[in-house]
Amino acid sequence: KFYYADFPQITTKKISYAPSLGVNSISDKNKKLMKESLATFDYISVRENSGAEILKNILEIPPQVVVDPTLLLKKECWTRIALESKNGVESNYVLGVFLTDNIQHWHATKAFAKSKGMQLAIVPYSGLSYMQTGKRYLEAGLEDVLALIKNAKYVVTDSFHISVFSLIFQRQFIIFQRFKENKYSSQNSRIINLLKMLNLDKRLLSYGSNKIPNMQNIDYKETDVILQDKIKESEEWLWKAIGGETIEM
């Protein structure tokens, strides 16, 4: 109930914007608890189609699917933050950022950078990332990470948000699944949903892949049209929810 702000003392309007369920299914016990807490919300949206499918059997009105909130801030705003970075960044590198330890993903990334004749830049996060050969940015803050993404030739990651910022800065990127597909707590659905929406399914490599195949570059003229339409739709939903308007589903 704490995470749903489900207390009788809270009487202000409650809106959920783009939460991620992070699981493939919900137990009957949790469905009952979620239904009770979600009934206290005035407007509900989620980040993935899979989340909407799970919740439509719990809620009277199916939730709206919207984009991640980072996409609501314009590219120019993120660029201003990136420009605050004091790290000297070269222009010819592959950026590797991994949230989980998978040596096969690192082997594939290093081989990919070598095949491109580029240096590997690393923002260490997991244990293995501190042991990889490349230029490591050990104390990188937000502005440094954004600058590294913005200036990279390629970004290789298992992070949803590193992928989102790669889209914002229109970088060529490859993402590995962070979780085995049959794992109960798999969070693959949010990146799968995003890539399907943008017709970029081939940028996603399966968990444990040890090679990055040749891929055509992303055509951002086409991708950005789809993305901007979805951003506009999400903004309109949010403004209507804030204004208390009736939202047709």
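This is a predicted model: local features need pLDDT of at least 70, side-chain atom pairs count only at pLDDT 80 or more; totals for chains, interfaces and linings use all residues.
## Salt bridges across the structure

Side chains of opposite charge can pair when their charged atoms come close. A search of the whole structure finds five salt bridges, and one of them joins R47 to D68, where the closest N and O atoms are 3.3 Å apart. R47 lies in the loop between strand 2 (43-46) and helix 2 (49-55), while D68 lies in the loop between strand 3 (64-65) and helix 3 (75-82), so the pair ties together parts that are 21 residues apart in sequence. Both R47 and D68 are buried.

A further salt bridge links K230 with E233, and here the closest N and O atoms are 3.0 Å apart. Both residues belong to helix 8 (residues 220-243), in which they stand three residues apart, or about one turn of the helix. K230 is buried, because its relative accessible area is 17%, whereas E233, at 34% relative accessibility, counts as partly exposed.

## A nonpolar patch on the surface

F2, Y3, F7 and I10 make a nonpolar surface patch of about 520 Å². Of these residues, F2 lies in the segment before strand 1 (15-16), and F2 counts as exposed because its relative accessibility is 64%.

How values were computed. Residues are numbered from 1 along each chain as its sequence is written. Side-chain values use heavy atoms; hydrogens and water are left out. Patches are made of residues with over 30% relative accessible area and no salt bridge: like charges are joined within 9 Å, nonpolar side chains (Val, Leu, Ile, Met, Phe, Trp, Tyr) within 5 Å. Accessible areas come from the Shrake-Rupley method with a 1.4 Å probe; for residues, only the protein chains shown count as cover. A salt bridge is a side-chain nitrogen of Lys or Arg within 4 Å of a carboxyl oxygen of Asp or Glu. Helices (H or I, at least four residues) and strands (E, at least two) are DSSP runs, numbered from the N terminus. Buried means under 20% relative accessible area, exposed over 50%, partly exposed in between (1.4 Å probe, protein chains only).
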